[in-house]
Amino acid sequence: MQVDFYHLTSPLDRVLPRIAERVVQTGGRLLIVAEPEEQRVTLDRLLWSYAPESFLPHAQAGSTDDTAQPILITQNIQEAAPANAARNVAVVDGRWRDLILTFDRAFHIFDDEAIREARLAWKALADRDGTERRYWKQNDSGRWEQAA
């Protein structure tokens, strides 16, 4: 299990589509978790329109055939496997959830407001067997660098 911590210093709309593209391009499926409804609606629009030459097939959970969606946006992680059988999860509302650890790979994306909770999660995973942690931050030119 790999957990990538992404400390945002630029808007989420510049980060999430690239992560989603990589997951889908490798044949994976992604569950995007955001509790606030307004954020889920914004993410839905973003994945349709972030780049004119790109298309990321997705839906909000419960709005269509969830099982067919490579990318599914939801408000929470259920104890059971996600409807789209995703093994990758991107938590974009900054809230850590232990159910993240039931996936093969997790992207925990947070901003300065959620940094305290992210640090606690980072520390809690330090000695967890079978879990690899990576911490990413942006450099001055906006490129992501692995910091830990």
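Reply: Start with Gln69. Leaving aside residues up to four places away in sequence, Gln69 touches Arg29, Pro57, His58, Ala59, Thr64 and Asn84. Keep in mind that this is a predicted model. Gln69 sits in the loop between strand 3 and strand 4. Is Gln69 buried or exposed? Gln69 counts as buried because its relative accessible area of 12% is under 20%. Ala83 is 14 residues away from Gln69 in sequence, and the C-alpha atoms of the two are 8.7 Å apart in space.

Now look at the strands on either side of that loop. Strand 3 and strand 4 (residues 71-74) run parallel, joined by three bridges. His58, one of the residues Gln69 touches, stands opposite Ile71 of strand 4.

What is the order of its strands? The sheet is open, and its eight strands follow the order 3-4-2-5-6-1-7-8. The pairing is mixed. Strand 3 (58-60) is at one edge and strand 8 (144-146) at another. Each of these two has a single partner strand, so one side of each lacks a neighbour in the sheet. From one strand to the next, the twist averages 20°.

Gln2, Asp4 and Tyr6 point one way from the strand. Val3, Phe5 and His7 point the other way. Strand 1 has pairing with strand 6 and with strand 7. With strand 6 the pairing is parallel, over six bridges, and Val3 has Ala106 as its bridge partner there. With strand 7 (residues 132-138) the pairing is again in the parallel sense, over five bridges. There, Gln2 is partnered by Glu132, and Asp4 by Arg134.

Strand 7 and strand 8 run antiparallel, with three bridges between them. Gln138 stands opposite Trp144 of strand 8. The hairpin of these two strands has five residues between them, and one of its features is the positive phi of Gly142, near 90°.

Which residues of helix 1 are buried? They are Leu16, Pro17, Ile19, Ala20, Glu21 and Val23. An α-helix has 3.6 residues a turn, so residues three or four places apart point the same way. The cover over these buried residues includes strand 1, strand 2, helix 2, strand 4, strand 5 and strand 6. After helix 1 comes Gly27, with a positive phi near 85°.

In soluble globular proteins, nonpolar side chains tend to be buried together. Here the largest nonpolar core has 24 residues. Leu16, Ile32, Leu43, Val92 and Ile109 have the most contacts inside it. Two or more core residues come from each of helix 1, strand 2, helix 2 (37-49), strand 4 and strand 6. Helix 1 gives the most, with four residues. Leu43 shows how the parts meet. Not counting residues up to four places away in sequence, Leu43 touches Leu12, Leu16, Ile32, Ala34, Ile73 and Val92. There is also a second, separate core, with 21 residues, including Leu72, Ile77, Ala118 and Ala121.

Helix 1 matters for the largest pocket too, as a source of lining residues. The space in this pocket is about 360 Å³. How many residues line it? There are 17, and Tyr6, Val15, Arg18, Ile19 and Arg22 lie nearest the centre. Helix 1 supplies five lining residues, the most of any contributor. Strand 6 also supplies at least two. Tyr6 is one of the buried residues of strand 1, and Ile19 is one of the buried residues of helix 1.

Back to the start. Gln69 is buried, in the loop that leads from strand 3 to strand 4, and strand 3 stands at an edge of the sheet.

Note on methods:
Residues are numbered from 1 along each chain as its sequence is written. This is a predicted model: local features need pLDDT of at least 70, side-chain atom pairs count only at pLDDT 80 or more; totals for chains, interfaces and linings use all residues. Side-chain values use heavy atoms; hydrogens and water are left out. Two strands pair if DSSP finds at least two bridges between them. Axes are lines fitted to C-alpha atoms, for helices over the stretch in contact, and angles run from 0 to 180 degrees between N-to-C directions. A nonpolar core is a set of buried Ala, Val, Leu, Ile, Met, Phe, Trp, Tyr and Cys residues joined through side-chain atoms within 4.5 Å. Buried means under 20% relative accessible area, exposed over 50%, partly exposed in between (1.4 Å probe, protein chains only). Contact means heavy atoms within 4.5 Å. On a 1 Å grid over the protein atoms alone, a cavity is a set of points where a 1.4 Å probe fits but cannot get out, and a pocket is an open set with protein on both sides within 12 Å along at least five of seven lines; lining residues have an atom within 4 Å of a point. Grid points are joined across faces, edges and corners, and a volume is the space filled by probe spheres set on the points.
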